[in-house]
Amino acid sequence: MYDGWKIIIGIIIFIGIATFPILYDIGKASVPPPEPKIDTPEIQKMAEKKCIESKSFMKTEHMVMLNDWRDSVVRDGNRLYITTDGKEYAMSLQNTCMKCHSNKKKFCDECHNYVAVKPYCWDCHIEPKEEGQT
Amino acid sequence: MLETALKGSRKYWGWIFFLLAVIGAGFISYLYQFRIGLGVTGMSRDVSWGLYIGQFTFLVGVAASGVMVVLPYYLHNYKAFGRITVLGEFLAIAAVIMCMLFIFVDMGQPLRVLNVILHPSPNSVMFFDMLVLSVYLFLNILVGWTVLGAERKGIAAPSWVKPFIIISIAWAPSIHTVTAFLYAGLPGRHLWLTAIMAARFLASAFSGGPSLLILLALIVRKYTRFDAGQEAIQALGKIVTYFMITNVFFLGLEFFTAFYSKIPGHMEPLIYLYTGIEGHAKLVPVMWTSTILAVIALFLLVPPKFRKNEKLLVVACIATFLSLWIEKGFGLIVGGFVPNPFERITEYWPTLPETLITLAIWAIGFLVLTVLYKIAVSIKEEAVFDKYGQKQVK
Amino acid sequence: MSISRREFLKIASASALLGFGGISAFEILQPGQFEASQVMPDSKGLVAKRWAMVVDISRFRTEEDYKRCIEACHRIHNVPDVGNLKEEIKWIWKETYEHAFPGQKDEFLSEKIKDLPFLVLCNHCNNPPCVRVCPTKATFKRESDGIVMMDMHRCIGCRFCMAACPYGARSFNFRDPRPFINEANKLPYDTVFTNGQDREALIKKGHLSFPTRMRGVVEKCTFCYERLAVGLQPACVEASQGGLIFGDLEVPNSEVRKVLNEKYSFRRKPELGTYPSVYYILG
C-alpha cells in the first residue's frame, strides 16, 4: 500500500470523529426516557379521561393528524373532527388539544426534547400559560 | 477536471481567498438576517422587493446571454466563436447560481422553499421561473462539462450533446421571458405593465451579458495563455452595440407611452425615478448615472474606430454593464413600487446587512466563475494557442 | 475487479440520489390520513357561495366609529403593532378618498368627500391576482365561499402576492411579531361585539384564541373565516353597528344584494378586472 501510514492514521481519525457522539457518552448515566405528564387540572376534571384517539395512535400519528387537520380547517373549511367512536371535536391545536394538555413543557416538550425535534407549531399557535409564567 | 482548479499562482489563490473573505462576511450577515427576519433589509410594506430581487432580475439576463455565443457557433457554424462558447456557458452557470441564491436570501421562510415543488402551481409565473432556471443550470453544466471533457481528451464532443445544445439555445430566452412575466403580468404596477417588458429584458441581457463576457475574455487573455480571439471579441462588441441601441430605444418607447398618453399611473414611476416626487428623490442620482453611462457606452460603441480600439472597448463594456446593472438591477424593481397603490411614496435604500449579503453572493458567483474558467483555461492551454488564436506547431 | 475513482464516485452518488429520492417519494406520495366521513364543517357555521361586504360610509361619523372596527379586528387576530411605518402590519384601516380611489382624484371634488376617511381592507376579489401568482397556493380562493385565504403554514414569504395586489392589502412579517402584540389588548376570536356605545362592554367574551403569525409570512384580512365557521359575523361587521353589511352575493335577497340593488355602489380600481367583493356606498 502506498502512503500506508497516512491512510491508516486517516482512518483512525475518521472513526474517532464519526463515533465521537457515542464515545462522549460512555460511562455517563443514560438519559431517562421521556415521561409526558397528563395530570393537568383540565384532565383531572374530566369524568372519562380520554383523548381524541387512543394513546398508541396519538403517539405514532399525531404529527400526520395535525397536518391533515391543518389542511382540513384552512383549505377545505371543515372544522369538526369525528373520532372513531363518534364524538365531535373542533380541529384545533390551540383550542382543543392544548385545552386539556395545557402543560407544554411537561407534555409536548418531554418527547420532543428527547428526540431533539423542534416543531414550529408554537411559533404561531399560542401555548397555554403555565404555572409561574406571566 | 476539477483538480486543475487547485493549481494556481499566488495571484490566483490571493483572489480566491479574497472572495472567500467576502463570502464569509456576507454569510455572517445572512445568519443575522435569518435570525431576525427581513426587517434588517431596507424593504418595507410598500417596497416589498428590493436589491435581492433586483440583482436576480439582472443576473437572469446575464445568464441568458450565454446563448449569444452558443447560437452563432452551433446553429450557424460561426467558427470565430469556437473558443469563447465555453466561457459563455460557464458564465451562464455562475449567473444562474447567483440568481438562485438571491431568491433564497430574499425569502421570508427559506426552509420552506421546497413547497414550490411539493405544491406545484402552474398558474404562478414564479413556479415556472424556478423550473426554467433549474433546467437551464442543468443544461449548461451538462453541455459545458461534456464539451470541455472531450476537448481535454482531444476528441470531438459526443453526438448526444448536440440536441441538448439546441435545447439550451431555445431555453435561454425562456428564462428571462419568464422573469419578465413576473413583472409584466401584475395589474397594479404601472411601471411594469408593458408588453415590451420581456423585449426590454432581452435587449439588456444581450448587451449586458456579452459586455461582461468581453471583459472576462480580455482578463483571461491577460492572465493566461488562452485567447478567445480578436474576431470573437469584435463580433461580441457589435452584438453589444446593437442590443444597447435597442435597449435605449425601448426605454425611449416607455417614456413616449407614458408622457404622450399622460396617464398619471404610467408617468409617476418614471417621474419619481428621474426627477423625484415631493422631495422624495433618493433614486434620482442613481438613475441619471445609469443614463450618463449609457450615453458614454453608446458613444464609444457605435463608431467602429472606437469599438475596434480595445482599450476604449473595455471602457464601453464597463459603462454598458454598470448602466444596465443599475437600471435593471435596482431602478426597475424599486420604481415599480413607487408610488404605492395608494399613491403614497415610501422610498427604499439597501441596508448594510443587505449589501454585505449581496456582495457575498456576487463573490460566490465570481468564485464559481473563477474555478470554472481555471478548469477551462487549463484544458485549453494544453492545446497551445498563440496570441491570435491560431494553433501553434509544437 | 477494479474501478476507477471516477466510476466509484458516479455509482455512489447515483445510489445516494436514488436512495434519498426513493424515501422522499414514499413520504410525499403517501395517501392522506382521513376518509371524507371523518371531517365536516360545523353545523353552526355560516355558509355562502360568495361572501361580500358593503361599506356604508355615511354610518361612519366619528373617529370612534372607525376605531371600533379596526380594533375589533386587530385585537382578536393578534395583529402586532410594530411601531414603524416601514414594517407596518394592518388588516383593515382608514384611507382618505383620494388615496383609496386614486383614479378619482379631482381638485374640485367636494370637500366633504375629500376629507372623508374610508375603511379599506382586502377586497377578496373574484379574480384575485394574488392567488394567480402564489407559487405554493399558500394564498388561495376557497371553493366553498370565495374567501381569499391565507395558509400560513405553506407561505414561503416570497412576497409575490404583495407585488401583485393592486390594493396594497397585504402585510409582511419582517420580524417576529410576538414582542409587538399587546397582550393586555387580546380578545378571543369568538367574542361577540356589542351594539352598545362602550367599546369595553362586550356581550360575550368567548374562549377560542387565534394564533399569531411567525416572521417571514404574509398576512391579511381573511373575512374572519374562523368566526364564520362558528356562526358569527366578521368582527369588523359586528363592531360597525350597521356601517358594514356582510352577506352572500349569490343569494338574491341577502342584505348585501338588497343594498346594492337600492344604492349606487362603487369599488376600488374596477378597471383592473379583479372584481372586488368589497363595495362602497355613500349612504
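B:Gly188 turns up in the loop between α7 and α8 of chain B, with helices (H or I, at least four residues) and strands (E, at least two) taken as DSSP runs numbered from the N terminus. The model is a predicted one, so local features need pLDDT of at least 70 and side-chain atom pairs count only at pLDDT 80 or more, while totals for chains, interfaces and linings use all residues. Residues are numbered from 1 along each chain as its sequence is written, and chains are lettered from A and ligands numbered from 1 in the order in which they are written.

B:Gly188 counts as buried because it has 21 C-beta neighbours inside 10 Å; the cut-offs are 20 or more other C-beta atoms within 10 Å for buried, 12 or fewer for exposed, and partly exposed in between, with C-beta atoms placed from the backbone. Setting aside neighbours within four places in sequence, B:Gly188 is in contact with B:Pro341 and also with C:Cys165, C:Pro166 and C:Leu272. Contact here means that C-beta atoms, placed from the backbone, lie within 7 Å.

Staying in chain B, B:Thr358 belongs to helix α14 (residues 352-382). B:Thr358 is classed as buried because 24 C-beta neighbours fall inside 10 Å. Apart from residues up to four places away in sequence, B:Thr358 touches B:Leu51, B:Tyr52 and B:Gln55. B:Val69 sits 289 residues away from B:Thr358 along the chain, and their C-alpha atoms are separated by 28 Å.

After α3(B) comes B:Asn77, which has a positive phi, near 55 degrees.

Next, the nonpolar core. In soluble globular proteins, nonpolar side chains tend to be buried together. The largest core has 201 residues, and B:Ala63, B:Leu87, B:Phe90, B:Leu91, B:Ala95, B:Met98 and B:Cys99 touch the most other members; such a core is a set of buried Ala, Val, Leu, Ile, Met, Phe, Trp, Tyr and Cys residues joined through C-beta atoms within 7 Å. α4(B) supplies the largest share of this core, 16 residues. B:Ala95 is in contact with B:Leu59, B:Val62, B:Ala63 and B:Gly365, leaving aside neighbours within four places in sequence.

Over in chain C, an open sheet of 4 strands runs in the order β9-β2-β11-β10, with mixed pairing; strands pair if DSSP finds at least two bridges between them. β9 (244-248) and β10 (265-266) of chain C are at the edges with a single partner strand each, so one side of each has no neighbour in the sheet. Strand β2 (residues 51-56) of chain C runs antiparallel to β9(C), joined by 5 bridges, and C:Val55 has C:Leu244 as its bridge partner in β9(C).

As for chains A and C, 19 residues of chain A are in contact with 22 residues of chain C. α4(A) gives the most to this side of chain A, with 7 residues. β1(A) also pairs with strand β1 (residues 39-40) of chain C, antiparallel over 2 bridges; there, A:Leu80 has C:Met40 as its bridge partner.

Technical notes: Two residues are in contact if their C-beta atoms, placed from the backbone, lie within 7 Å.
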